[in-house]
Amino acid sequence: MSASKNALLATFKHITRRAAGGSVPQITKPILSAPMNGWSGNTLCAAVANHGGLPVYPIGYYTDPDAIVKDLQSLVPLLKNIGTDKEPVAEEQFLPYAVGFVSFWLERQGPELLYRLLRGEADQPGRTSSPPRVPAAVWFAFGDYKPYLKLVREHGVKGTKIIVQVGSVTEALEAQEENVDVIVLQGTEAGGHGAQRVAPLMTLLPEAYHLLQKRANAAGSKLKMPAVLAAGGISTPIQFKAIELMGASGAVIGTGFMPTFEAPGPQNGKDILLAAVDGNESTVRTRIFDELREFDWPQGYDGRVVRNSVTRREEEDLKQHGRYEQTGQAAFKLLNDERTGVREDYKRAVKENNWDLLPLWCGTGVGLLNKQVSAAEFMDSLLDNKQ
Ligand SMILES: Cc1cc2nc3c(=O)[nH]c(=O)nc-3n(C[C@H](O)[C@H](O)[C@H](O)COP(=O)(O)O)c2cc1C
């Protein structure tokens, strides 16, 4: 696949590595691994980057910027094909991954960490051969990202790309007005959090793509056509082909990477994902775990998760009372009457990886996953158009 034909690969063609005939693009496969707290750590990010994809490192609900900077520094030696201090790649300015911010959390926490990453603090300390390298892109999802665009553009290295994940056509058009480089359309199929009132990719993607293109092509328009990506439920090559036909130049995949060998999640969780059938029946969208964890997600968002005792309890409440009678905490406690308290129960469930009580976030595409493979094998399988 040539970079010039694919809008996503063209966007990242300046991220290069050394090869026999000179510099060649580092990102050669139109696949992004989603930022997933607890499910996409350095090993998975390195596996995706080393195989030509673009991993999005999960910044998530961070409280300790130092810990994140340190963790990112330990990602650098795992990345192949990038220059070393002894043998730098000429003019290398970027590291081949994106950092994934949750916008509303960034607002709560303040922009210190973003500044530090834009200054190159995530590169290996003590390098002397070139100025510190910075992440190739900054990803924003969930909440108002607009205040941070100026910051990236004014304080970041020129060429740092901006990726925004959205859940509606309107938000996609707004992101185009903000001149972002990549727009990710997240459908209701997606695992993890997303907009509560969101369309399936089957309509969200083509409608948004069509309007974005129409506005970019209008006479005298100052709007540019961003690279458009699809997110939600994509597990197989035939789906990948379908999103390409609907205008996407690549996919953001979360759930598909979760059962891979390199994902950091526990094996009992991976086994549940591989055994799940009927992706819509075995998952459900809910806010109950955010209430339980007291993460205080803004209104308008929920998350898709594997159905378990907690979500069944919530659904029963809904049936009986016509509304959610219990808060998440109370529902959790009711399941465990014999135990002492919600926090203790939650801590115990975390310790035991008890997915009957904990949220195993995943998308409807889980029903299409049934074999544990490496991240590279999964990426190759997606791009195999023979199916
Ligand atoms: C376990 C898990 C955690 C996630 N965490 C985040 C996150 O921290 N930030 C974010 O922008 N998206 C997050 N997402 C959503 C992804 O960005 C993406 O939209 C989704 O994974 C795509 O759908 P799929 O999981 O069906 O492939 C998460 C998804 C999963 C499955």
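The domain assignment divides the chain into domain 1 (7–265 + 375–382) and domain 2 (277–351), with bounds that come from an automatic or database domain assignment. This is a predicted model, in which local features need pLDDT of at least 70 and side-chain atom pairs count only at pLDDT 80 or more, while totals for chains, interfaces and linings use all residues. Residues are numbered from 1 along each chain as its sequence is written.

Taken over C-alpha atoms, the centres of domain 1 and domain 2 are 30 Å apart. Across the boundary, 12 residues of domain 1 are in contact with eight residues of domain 2, where contact means that the C-beta atoms of two residues, placed from the backbone, lie within 7 Å. On the side of domain 1 that touches domain 2, β9 gives the most, with four residues. By class, this side of domain 1 has five nonpolar, seven polar and no charged residues. Ala, Val, Leu, Ile, Met, Phe, Trp, Tyr, Cys and Pro count here as nonpolar, Asp, Glu, Lys and Arg as charged, and the others, Gly among them, as polar. Helices (H or I, at least four residues) and strands (E, at least two) are DSSP runs, numbered from the N terminus.

Next comes the interior. A residue is buried if 20 or more other C-beta atoms, placed from the backbone, lie within 10 Å of its own, exposed if 12 or fewer, and partly exposed in between. A nonpolar core is a set of buried Ala, Val, Leu, Ile, Met, Phe, Trp, Tyr and Cys residues joined through C-beta atoms within 7 Å. The largest such core holds 102 residues, of which A98, L185, L229 and A251 touch the most other members. Domain 1 and domain 2 both give residues to this core, so it lies between them. Leaving aside neighbours within four places in sequence, the contacts of A98 include L54, Y57, W139 and I163.

The ligand is surrounded by 30 residues, and A141, G191, G192, G254 and G363 are the closest. Strands β5 (94–102), β9 (192–195) and β11 (251–253) each supply at least two residues of this shell. Its make-up by class is 14 nonpolar, 15 polar and one charged residues.

Helix α9 (residues 237–245) has Q239, F240 and I243 as buried residues. Seen down the helix axis, the buried residues of α9 fall within an arc of 105°, so they line one face of the helix; the arc is that of the directions from the axis to the C-beta atoms. These buried residues pack against α8 (201–217), β10 (227–231), β11 and α15 (375–383). In α15 lies S381, which is partly exposed, with 16 other C-beta atoms within 10 Å. S381 and P237 are 144 residues apart along the chain, yet their C-alpha atoms are separated by 6.5 Å.

Some backbone angles deserve a look. Most residues other than glycine have a negative phi. F142 is not a glycine but has a positive phi of about 65°. F142 is found in the loop between β6 and α6 (146–155) and counts as buried, with 23 C-beta neighbours inside 10 Å. N179, also not a glycine, has a positive phi near 60°. N179 lies in the loop between α7 (169–177) and β8 (182–186) and is partly exposed, with 13 other C-beta atoms within 10 Å.

Conventions. A residue is near a molecule or strand if its C-beta atom, placed from the backbone, lies within 6 Å of it.
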